[in-house]
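Hello,

Here is the structure we talked about.

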Amino acid sequence: MDARSEMLALLGSRKQGRSLPRAFYTDPDFYRLDLECIFHREWLFAGHDCELAKSGSYLTLQVGDYPVIVVRDGKGTIRAFHNTCRHRGSRICAAEKGKAVRLVCPYHQWTYELDGRLLFARDMGADFDTSAFGLKPVHCESVAGYIFICVAQAAPDFAPVRAHLTPYLAPHRLAEAKVAVEKTVVQKGNWKLVWENNRECYHCRINHPELIRSYPEAPSVTGTTGGEENPEVAEHWHRCEAAGLPSTLRLSPDGQYRTARMPLLRDAVSYTMTGKAAVRRPLSDSVLTPQIGTMLLFHYPSTWNHMLGDHALSFRVQPMGPRETRLTTKWLVHKDATEGIDYSLEELTKVWDATNEQDRRIIEENQLGVNSPAYEPGPYAPEHEQGVTQFVEWYCRLIGPRLVDRSRTAGTERDARGVHLSLKTGSR
Ligand code: FES
Ligand SMILES: [Fe+2]
C-alpha cells in the first residue's frame, strides 16, 4: 500500500480521542504528505512587520520544500517571493535577515528590484526579455503586525483571518513594536508532537515550575471550550471587554485559529519569576492597564502567541523533517523600550527560555517513545487534553479530503484509487 492510501486507511480506522498511529509521527512519506497537503497549501506565519522596518529589510524562511524571502519594497509594501533565482535557481538570500537595496543573486549577480522585477542580467544577449524572469511571488498578507505567507498557487481566502484577528490584535500595536530578542530551538520531534504538547497544560505542573508561577493550568485557559464556565475567566473577559479589549474565546469555524484573552494567576501581569512586569514601558500606548492577562492566539499549523501588557511572544513552528521541528520564539516590546533601562533580556526571557527547553526535552522523549514499534495510540485526558483533541481533529479533517482530492495536491503522485475515506467528523 502506498503512503497516501495507508494514511487514508489509518484516518478511517483511528479511534477518536486518542493520539495518532505511529506513522503520523515517524514516517518520511507521511511527512511528505503533511508538507504537500498542509504546509504547502495553508497560510503560515512568517514574521512581524516591525522586523522589516525599512525598504529593503528582508527575512528568509524555509516552508517545507520552499525557501522564501519576505521583503519590504521601495514603496513600503511587504512582499514575499520564492527565494530561487530565475537564472539557474540559486538561493538569492542566504541570511535569515538582512537589508538590501536590490536583491542580487550571489551566483552570477542577476539583480532584482525589491518588487521582484528582474532589473539586470549580464551578457544575456540583445533579445533577452528581463520582464519574463521576475522573482516568483508568494502570497503575502499582513494583519496587525503579523505577516502570513502561502506558497500555494491559489491561497485560501485570507479575509476571514484578517476579520477575526484584527480586533483582538490591533490594540497591542505590534506593527510598531520591536523584537527585543529571538531564539530558535531545534526540537527532535514531529511537528504534530510539538503542537500536541502546546495544546495542553496537563504536563505543566511537574515540567514547568517557572511558567506555572503566572500561567494557569486550567484546561479552560489552554483549550478551546469552557472559558465562560470558569468564573475567573468570565470575570476577566467582562472586565477587559468593558475596557475595550476583545477578549472572549473565539474559534474559527474550521477550528484552525483561536483568540482568547485569559487571566494570569493571582496578581501576575507578565511571565516573570515574580509575576511583575518584565518591561517597564507598556507594550502598547493604547493599553495602559496592566491587568489584561494574556491574549492567546493560535493559528495552525505555524504559530501560537501570547500578548501581555508589557511584552508579547510569538512562536513559529517549522517542520524540518519527520522527526525534527524548528521553533522560533520572539519577544516583542515597545519600540522605545531600552534594554538595560526598561528591561533586562535575562528577566524578559527567563521563563520562556526555561519553558522552551523543558518542552524540547518532553517532545524529544515523546518522539523517542513513539518511535517504538510497541507504541500504540493512547487516550487523551478528556478535560485537560481537550485542546489536543481539537488540534488532532482539525488535522484529520483537513488532510483526509486532500489526500483524496489528488487534482489539487501538487507533487507526489501516488495512487489512491479504491481507497474510500470514512473520516469521522470532528468534535470541538
Ligand atoms: S543562478 Fe542566480 S545569477 Fe545565476
Ligand atoms: Fe509545555
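**The disulfide and the other cysteines**

The link between Cys 201 and Cys 204 is left-handed, with -95° about the S-S bond. Keep in mind that this is a predicted model. As a reminder, a disulfide is a covalent bond between the sulfur atoms of two cysteines. In this disulfide, Cys 201 and Cys 204 have their sulfur atoms 1.9 Å apart. Searching the whole structure turns up one disulfide.

Where do the two partners sit, buried or exposed? Cys 201 has 4% relative accessibility, so it counts as buried. Cys 204 is buried as well, with a relative accessible area of 2%.

A disulfide needs the two sulfur atoms within 2.5 Å. Cys 37 is buried, with a relative accessible area of 0%. For Cys 50, the closest cysteine sulfur belongs to Cys 140, 14 Å away, again too far for a bond. Cys 50 has a relative accessible area of 15%, and since buried means under 20%, Cys 50 is buried.

**Helix α10**

Helix α10 covers residues 386-404, which is 19 residues. At 1.5 Å a residue it should span 27 Å, and its end C-alpha atoms are 28 Å apart, so the two values agree. Of the 19 residues of α10, 16 are buried, so the helix is largely enclosed by the rest of the structure.

Regards

Notes
Residues are numbered from 1 along each chain as its sequence is written. Chains are lettered from A and ligands numbered from 1 in the order in which they are written. This is a predicted model: local features need pLDDT of at least 70, side-chain atom pairs count only at pLDDT 80 or more; totals for chains, interfaces and linings use all residues. Side-chain values use heavy atoms; hydrogens and water are left out. Helices (H or I, at least four residues) and strands (E, at least two) are DSSP runs, numbered from the N terminus. The expected span of a helix is 1.5 Å times one less than its number of residues. Buried means under 20% relative accessible area, exposed over 50%, partly exposed in between (1.4 Å probe, protein chains only).
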